[in-house]
Amino acid sequence: MRAGPMALTLLALAGCNQGGTGYVELKTVPVSAKVPPLFLDADRVDAKAGVTLLRQAVGTAKLQAEGADGKVLLCHVVVKKNRITTVTLSPMERPPRCQCERASGGEGAASRTCIG
Amino acid sequence: MGHGSIAIPRRYLIAALLTLVLLSAAALLAAQPSAAQADPKQGASPDVQFSQQLDELKKSFSDVGRQIDESAKSIDTIKSPEEGRKSIEELRGQVAKLLDAVADNGEISRLGGKALALAEEKLKSLDRETRFKPEEKQYLLNRWRELRAATETAIRDLDGARKDFADLLRSLQTSEDYIDELMQIREHEKALQVIHQLSEGIRDASTKLKKLLGSIKPPGV
């Protein structure tokens, strides 16, 4: 039986193709609003006023804002290979609210998920 | 091992593990720049590194631009939605190469910010400088002002490029999603129309890319 090693090799190759990168586009509304320190998973995001485009590993990332009481989860962001996931932030709200161009999940920050 | 589980012969496992190790090593080697590539930039100031990176970016963009031109030509001749979807996926890969280079958290953007901060710092410190004759100090100030202005222009060009490439990628992914929806309701003819209409947007992006390649100037060059 030669199918065994072949199947395992294909599985190994499939594992290698799981990676890649996509993009997260953060839009702040209004543009003049001061953006609090943001984190995409563990990485600090230097969000600009207006639009910030970030390269991000494929997968689901947590978008968090740093407030007086520590980090607050704003939403989850699903990043797909070579695709853009757009998230609009309203920094005037406390905590800032995520609006997804395309969403799945519920209304609460813990379940709100932006998809690309 | 309990009943019902699949027993995998040891030699198969060893073969698979070896494959995995070799593939991981290859991926690591591909991800790391060679020492010869990395050396010239080591120790260089941010403004010099920024200029070098912009130079390299222009070269790589011109290659990607050629590929995008070819895709625009071939998309006109596509005969089936499946073929079209494959082409769009490949195009997304090409546009992603451009976006990778100009992303806000990418190397060039970071270097641009550092180069600008260096120019600002230099101008402040030269202003306080007392060692040089007034005309020497003025000369240095003028040169750093020119460098700062050129850096700001390059950063603005990169901002514009980022927006254009992001718009193109978004348009490609939206079209791809629309084609998917059309395929689900077996509207193959309509899907083909959407694919053919894309070539106009791709040509427009290619023109913008050529304009960028012509206008972008590494500061200090």
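The following legends describe close-up views of a predicted model.

**View 1. Packing of helices α4 and α7 in chain B.** Helix α4 (residues 81-102) and helix α7 (residues 188-215) of chain B have axes that come within 9 Å and cross at roughly 30°. Angles under 35 degrees count as roughly parallel, and α4(B) and α7(B) are therefore described as roughly parallel to each other. The crossing in which α4(B) passes α7(B) is left-handed.

**View 2. Residues at the contact of α4(B) with α7(B).** From α4(B), Pro81(B), Gly84(B) and Leu91(B) take part; they meet His188(B), Ala191(B), Leu192(B), Ile195(B) and Ile202(B) of α7(B). Classified by residue type, this contact of α4(B) with α7(B) comprises six nonpolar and two polar residues, with no charged residues.

**View 3. The cis peptide bond between Val29(A) and Pro30(A).** Omega is about -5° for the bond that joins these two residues. Pro30(A) lies in the loop between β1 (21-28) and β2 (38-40) of chain A.

**View 4. Positive phi at Asp41(A).** Although Asp41(A) is not a glycine, its phi is about 55°. The residue is placed in the loop between β2 and β3 (43-45) of chain A. Asp41(A) has 14 C-beta neighbours inside 10 Å and so counts as partly exposed.

**View 5. Positive phi at Arg186(B).** Arg186(B), likewise not a glycine, has a phi of about 55°. Its position is in the loop between α6 (134-184) and α7 of chain B. Arg186(B) is exposed because 9 other C-beta atoms lie within 10 Å, and a residue with 12 or fewer is classed as exposed.

Notes:
Residues are numbered from 1 along each chain as its sequence is written. Chains are lettered from A and ligands numbered from 1 in the order in which they are written. This is a predicted model: local features need pLDDT of at least 70, side-chain atom pairs count only at pLDDT 80 or more; totals for chains, interfaces and linings use all residues. Axes are lines fitted to C-alpha atoms, for helices over the stretch in contact, and angles run from 0 to 180 degrees between N-to-C directions. Helices (H or I, at least four residues) and strands (E, at least two) are DSSP runs, numbered from the N terminus. Angles under 35 degrees count as roughly parallel, over 145 as roughly antiparallel, 65 to 115 as roughly perpendicular and the rest as oblique. A crossing is left-handed if the near helix is turned anticlockwise from the far one by less than a right angle, and right-handed if clockwise. Two residues are in contact if their C-beta atoms, placed from the backbone, lie within 7 Å. Ala, Val, Leu, Ile, Met, Phe, Trp, Tyr, Cys and Pro count as nonpolar, Asp, Glu, Lys and Arg as charged, and the others, Gly among them, as polar. A residue is buried if 20 or more other C-beta atoms lie within 10 Å of its own, exposed if 12 or fewer, and partly exposed in between; C-beta atoms are placed from the backbone.
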